[in-house]
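This report looks at a few parts of one protein model. Keep the sequence and the structure in view while reading.

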Amino acid sequence: MGLTLVRHADALVCMDDARREIADGAMAWRDGVIVAVGTSAELAPLVDDADEVIDAKGCVVTPGLVNTHHHLYQTLTRALPGAINVSLFGWLRRLYPIWAQYRPEDVFAATQLGLAELALSGCTMSSDHHYLFPDGVTLDDSIHAAAQVGLRFHATRGSMSVGKSKGGLPPDSVVEEEPAILADTIRVIDRFHDPRDGAMLRVAVAPCSPFSVSTDLMRDAALLARDKGVMLHTHLAEDADDLAFSLERFGCRPGEYAEGLGWTGPDVWHAHCVQLDPAEIDLFARTGTGVAHCPCSNCRLGSGIAPLRAMMDAGVPLGLGVDGSASNDSGHLLNEARQAMLLQRVTHGADRFDPREALYLATRGGAQVLGRSDVGSLEVGKRADFVIWDMADIFSTGAWDKVAGLVLSPPTGARDVFVEGRAVVRGGDLAQVRRDDVLRAANRSLDRLKTFA
């Protein structure tokens, strides 16, 4: 791959330690790695050697957005009647019977659709928490879909083992036997996980939640992940029902439960954490345990407002997640950044959460949560994952501070998105997969799934 240069950005937002924002900014990359960052004048000598020069006048360039929590299979069950005006547990009970009807082609279609949506809105790396495996479905189905779209992908091998008959929430038809769960987790790690810098695919271990797996599986999953050198992920303290379940079933708060089973540390990130108390926040900060904050989903399900300001001030590693598309019902990370900022302002005041803090969570913060030091900022030696945002369009024109405007008046989508230096979106359209093909596959699966509604 030859030298490529982007220049004349109104602002190049580096998200480095100095938080530089370079006016008339430029950046060059080769073979997927950034080789120069500076002003357009400083990088002008590289123009003659470049295979392509991209003009970013009127645009802001940022690191790629990072999605730290999703359930991509849910993209085919948005706005489902009966699941629209209920909280978490009732929402799950409505959706489990439909999800139980999925086939491999449905998971592929839903994953491709959800990742296409993320790419078009500026995401360059996404995790996916997949925990239902009916009718021949495997994690391979979502992994193959991600390769088509071109995003970096952190696939997590989720699981549910405690069905309704054993006091759990999911129906027995969608749970698995624990030895089979562990065996397949080993299989997908050995086959797919890439620990190297620049990896396009990594795998993590991710029992669904404390109310859908046994204590033994939580403990065994942590031991397995550390033996394999991969990360751990689950839902934790999502809402009041989740907290009440933990107190009744385990006799302790969710953070205490996690700590006792080895589920804290820099190789762990938990989704939601709406109900963490000050002691649990301190625990996560001391141990470097990450949190995927999903504000739109938390609002949609009435789960509450996560103590984001307190977690940030304490030093908890934090990123943003769109959560599953059945509980959001969208996959637009700039909207998550905006919602995160607004909720903290409602709680703490207009001066207590800056748009640039929200943008940090959406980029470098998310990369840190997923254990990636090779992406998340625009610096020499980092991978060339970045987004060009057109701030001269209808939705953003009038923003005097264009960096703040990304969060306060966000564009509807990205102009260009690059991952590992390769275009995933150009001119506002998908570059590695056809939009019509994505929609055709999604609608084919939808037609079949609607017969089970």
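The sections below cover a group of strands, a helix and the nonpolar cores of this predicted model.

Strand S15 covers residues 416-419. Asp416 and Phe418 point to one side of S15, while Val417 and Val419 point to the other, and all of them are buried.

S15 is joined to strand S14 (residues 386-390) by three bridges, and the two run antiparallel. Across from Asp416 stands Ile388. S15 also runs antiparallel to strand S16 (residues 422-426), again with three bridges. Here Val419 has Arg422 as its bridge partner. S15 and S16 make a hairpin with two residues between them, and Glu420 in the turn has a positive phi of about 55°.

## Helix H11

Helix H11 has 16 residues, 333-348. At 1.5 Å a residue the helix should span 22 Å, and its end C-alpha atoms are 22 Å apart, so the two values agree.

Among the buried residues of H11 are Leu333, Leu334, Ala337 and Met341, and also Glu336 and Gln344. Just after the helix comes Gly349, with a positive phi of about 115°.

## Nonpolar cores

The largest nonpolar core contains 111 residues. Trp91, Trp99, Leu151 and Trp263 have the most contacts inside it. Helix H1 (residues 88-99) gives the most to this core, with eight residues.

What does Trp99 touch, leaving aside its neighbours within four places in sequence? Its contacts include Tyr73, Trp91, Tyr131, Pro134 and Ala326.

A second, separate core has 18 residues, including Ile22, Trp29, Ile54 and Phe418. Phe418 belongs to strand S15, described above.

Key:
Residues numbered from 1 in each chain as written. Predicted model: local features only at pLDDT ≥ 70, side-chain atom pairs only at ≥ 80, totals over all residues. Heavy atoms only, no water. Buried < 20%, exposed > 50% of the residue type's maximum accessible area, 1.4 Å probe, protein only. Helix = DSSP H or I, 4+ residues; strand = E, 2+ residues; numbered from the N terminus. Pairing = 2+ DSSP bridges. Expected span 1.5 Å × (residues − 1). Core = buried A, V, L, I, M, F, W, Y, C linked by side-chain atoms within 4.5 Å. Contact = heavy atoms within 4.5 Å.
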